Amino acid sequence: MKPKIWLSSPHMSGNEQKFVKEAFDTNWVAPLGPNVNGFENDISKYLNEDNYVAALSSGTAAIHLALILLDVSRDDIVLCQSKTFSASANPIVYQGAKPVFIDSEKDTWNMCPEQMELAIKDAIKEGKKPKAIIAVHLYGMPYKVDEIHAIAKNYNIPVIEDSAEAFGSNYKGKKCGTFGDISILSFNGNKIITTSGGGALVTNKKDIKNKAVFLATQARDKSVAYLHSHIGYNYRMSNIVAGIGRGQMTVLDKHVELRRKNYQFYEDILNNVDSVELLNEPKNHFSNRWLSCILLDSQKSREALRLEFDKENIETRPLWKPMHQQPVFSDCKKYINGVSDDLFERGLCLPSGSNLTNNELERIHNVLKSFF
Ligand SMILES: *Cc1c(COP(=O)(O)O)cnc(C)c1O
């Protein structure tokens, strides 16, 4: 069997261990310390806006805290992009609130502004205005930022920007991770940079950051004895993990460049194949191309190609199965136009790691050549 080619695997720069060693040498082996502050500063500088960053244990934790900070509680309605990874939606349920799933548009595969506005109008008619909106930059492609935020603003509903897959992407030159009333990032093992596991909450309000850190560290009130007036969480990032993050920040832009090069590689091979569609960047959208994805002409061809890759020990994956198709969310309200169902049937994510070797690219190329 040939060695496995992964969809997206960790890619260390070599700088990570210096920061991790420093943490050991100074005995900062705790969920606070210089690496946590340093990583937060690095992210904040990279995003290049007035913002405050709270480093957390995961992107999911960041979404959960964002919902709490926006006062989402039992029986509240939260609109959520249906085409996403389940971690975008699960925290809504942690809060006892009700997700309403919104389908995608074809240009970016993200939240459809029309369906979203329809859902808002219906909810208001029923006397329950949505408490928040969770919009996702899927696979690194920015959603229709102007349209989504204009509608949200018009109805005065805060947006949680799920930028877990889009660190390094931008819209009109402004970095993803800076558009939400609260934004989140993820550093899970498969993301464009990784700390093995981790996430961050981004906000332009200092008191929101402070509250996030307070809740993430067990909500200890200022007092000599342990005094609690809130329910707390253990969601803070550890100083060891943050050391990996500091090393990874030194190569984020390089990873964006390499992932975009992968997309170019696929485009060059597949541009002239009639039965394949790629996702072009609409004007003003700059994608980090976290995953390169293609659409085939049918579910049958998609499965056939996936199995050809599998035979060669190359990992590929259908696009995210929409949340409105998930058994666990079968009772949830949804606004569906058919786009995300179609993407799920015909779409395939191809190997996209920033560390793919020439030899690996050649093996991938061979499968595509013989299949088409
Ligand atoms: C990875 C991911 C998350 C969750 O991040 P974790 O750090 O794994 O908890 C949330 N939303 C999307 C779209 C993701 O891809």
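This is a predicted model: local features need pLDDT of at least 70, side-chain atom pairs count only at pLDDT 80 or more; totals for chains, interfaces and linings use all residues.
## Aromatic pairs

Counting ring pairs gives 12 of them here. One is Tyr 139 with Trp 290, a stacked pair with centres 6.4 Å apart and 15 degrees between the planes. Tyr 139 sits in the loop between β4 (132–136) and α6 (145–154), while Trp 290 sits in the loop between β11 (285–286) and β12 (292–295), so this pair ties together parts 151 residues apart in sequence. Both Tyr 139 and Trp 290 are buried.

Tyr 233 and Tyr 235 also stack, at 5.2 Å centre to centre with 20 degrees between the planes. Tyr 235 has 18% relative accessibility, so it counts as buried, given that the cut-off is under 20%.

## A ring cluster

Tyr 139 and Trp 290 turn up again in a cluster: ring pairs link them with Phe 85, Trp 109 and Trp 320.

## Charges over rings

Lys 175 lies over the face of Tyr 46, 4.6 Å from the ring centre. Over at Tyr 263, the ring has the charged end of Arg 289 sitting over it, 3.4 Å from the centre.

## Helices α1 and α8

How do α1 (residues 16–25) and α8 (residues 239–249) pack? Their axes are 7 Å apart, at an angle of about 150 degrees. That angle is over 145, so α1 and α8 are roughly antiparallel. Their crossing is right-handed.

On the α1 side, the contact is made by Glu 16, Phe 19, Val 20, Ala 23 and Phe 24. From α8 come Asn 239, Ile 240, Gly 243, Ile 244, Arg 246, Gly 247 and Gln 248.

How values were computed. Residues are numbered from 1 along each chain as its sequence is written. Side-chain values use heavy atoms; hydrogens and water are left out. Rings of Phe, Tyr and Trp (its six-membered ring) pair if their centres lie within 6.5 Å; planes under 30 degrees apart count as stacked, over 60 as edge-to-face and the rest as tilted. Helices (H or I, at least four residues) and strands (E, at least two) are DSSP runs, numbered from the N terminus. Buried means under 20% relative accessible area, exposed over 50%, partly exposed in between (1.4 Å probe, protein chains only). A charge sits over a ring if NZ of Lys or CZ of Arg is within 6 Å of the ring centre and within 35 degrees of the ring normal. Axes are lines fitted to C-alpha atoms, for helices over the stretch in contact, and angles run from 0 to 180 degrees between N-to-C directions. Angles under 35 degrees count as roughly parallel, over 145 as roughly antiparallel, 65 to 115 as roughly perpendicular and the rest as oblique. A crossing is left-handed if the near helix is turned anticlockwise from the far one by less than a right angle, and right-handed if clockwise. Contact means heavy atoms within 4.5 Å.
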